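Let's take a walk through this protein, one piece at a time. Keep the picture open and follow along as we go.

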Amino acid sequence: MEQKARRSRSADGDGRTVLAVVSDLLMEVRIEATAQIQGIIVHTVSADEAATHAGDSSHRLVIADLATVRDLDALAAAARGAGVTLVAYYPHVDDELRKAAKHAGIEHVYPRSRFLRDLPKILAGRLPS
């Protein structure tokens, strides 16, 4: 069953939005909480909807869990086509996912632990204040 895009409970921002392609509720909550502190709105979509929504230039940033995304090439192409920055993370034990992301042209790829540690800087550095 396909999920609808969900808007986070983040405070209304100044038009700064992030698209999150995650299936892990705990990661979704951590991303939303960090974004909310910075006044950023997070829209979460399922893996099936990822490429469609990544091509929407109203999002300034797409965050994707590589373990969730089924078609990395389509997601990367959609984000590139819309001029949207794509940041992805992967389980540190799955180096094949990292390699596949790099091969798809995703420049910003982090192990999950580093992504979580650097998330405030990632959001602040990729979105205008």
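Find Gly-83, just past the end of helix H3: its phi is positive, at about 70°. Keep in mind, here and below, that you're looking at a predicted model.

Now step back into H3 itself, which runs over residues 72-82. Its buried residues are Leu-72, Leu-75, Ala-76, Ala-78, Ala-79 and Ala-82. Because these residues span an arc of only 160° around the axis, they end up on the same side of H3.

What do the buried residues of H3 pack against? Their partners are helix H2 (50-54), strand S4 (61-65), strand S5 (85-90) and helix H4 (95-103). Back at the start of H3, Asp-71 has a side-chain oxygen that comes to within 3.3 Å of the backbone nitrogen of Asp-73.

Next, head over to helix H1, residues 25-37. From first C-alpha to last, its 13 residues reach 19 Å, close to the 18 Å expected at 1.5 Å a residue. Its buried residues are Met-27, Glu-28, Ile-31, Glu-32, Thr-34 and Ala-35. They sit on the same side of H1 because they cover an arc of only 165° around the axis. Over on the other side of H1, Leu-25, Leu-26 and Ile-37 are exposed.

Asp-24 caps the N-terminal end, with a side-chain oxygen 2.8 Å from the backbone nitrogen of Leu-26. Just after H1 comes Gly-39, which has a positive phi of about 75°.

Let's zoom in on one residue of H1, Thr-34. Why does Thr-34 count as buried? Its relative accessible area is 17%, and buried means under 20%. If you leave aside neighbours within four places in sequence, Thr-34 is in contact with Leu-119, Pro-120 and Leu-123.

One last stop: Val-42, in strand S3 (residues 41-45). Val-42 counts as buried because its relative accessibility is 1%. Now look across to Glu-28, one of the buried residues of H1. Val-42 and Glu-28 are 14 residues apart along the chain, and their C-alpha atoms are separated by 9.1 Å.

Technical notes. Residues numbered from 1 in each chain as written. Predicted model: local features only at pLDDT ≥ 70, side-chain atom pairs only at ≥ 80, totals over all residues. Heavy atoms only, no water. Helix = DSSP H or I, 4+ residues; strand = E, 2+ residues; numbered from the N terminus. Expected span 1.5 Å × (residues − 1). Buried < 20%, exposed > 50% of the residue type's maximum accessible area, 1.4 Å probe, protein only. Arc of directions from axis to C-beta. Polar contact = N/O pair within 3.5 Å; in protein donor to acceptor, adjacent residues only side chain to side chain. Contact = heavy atoms within 4.5 Å.
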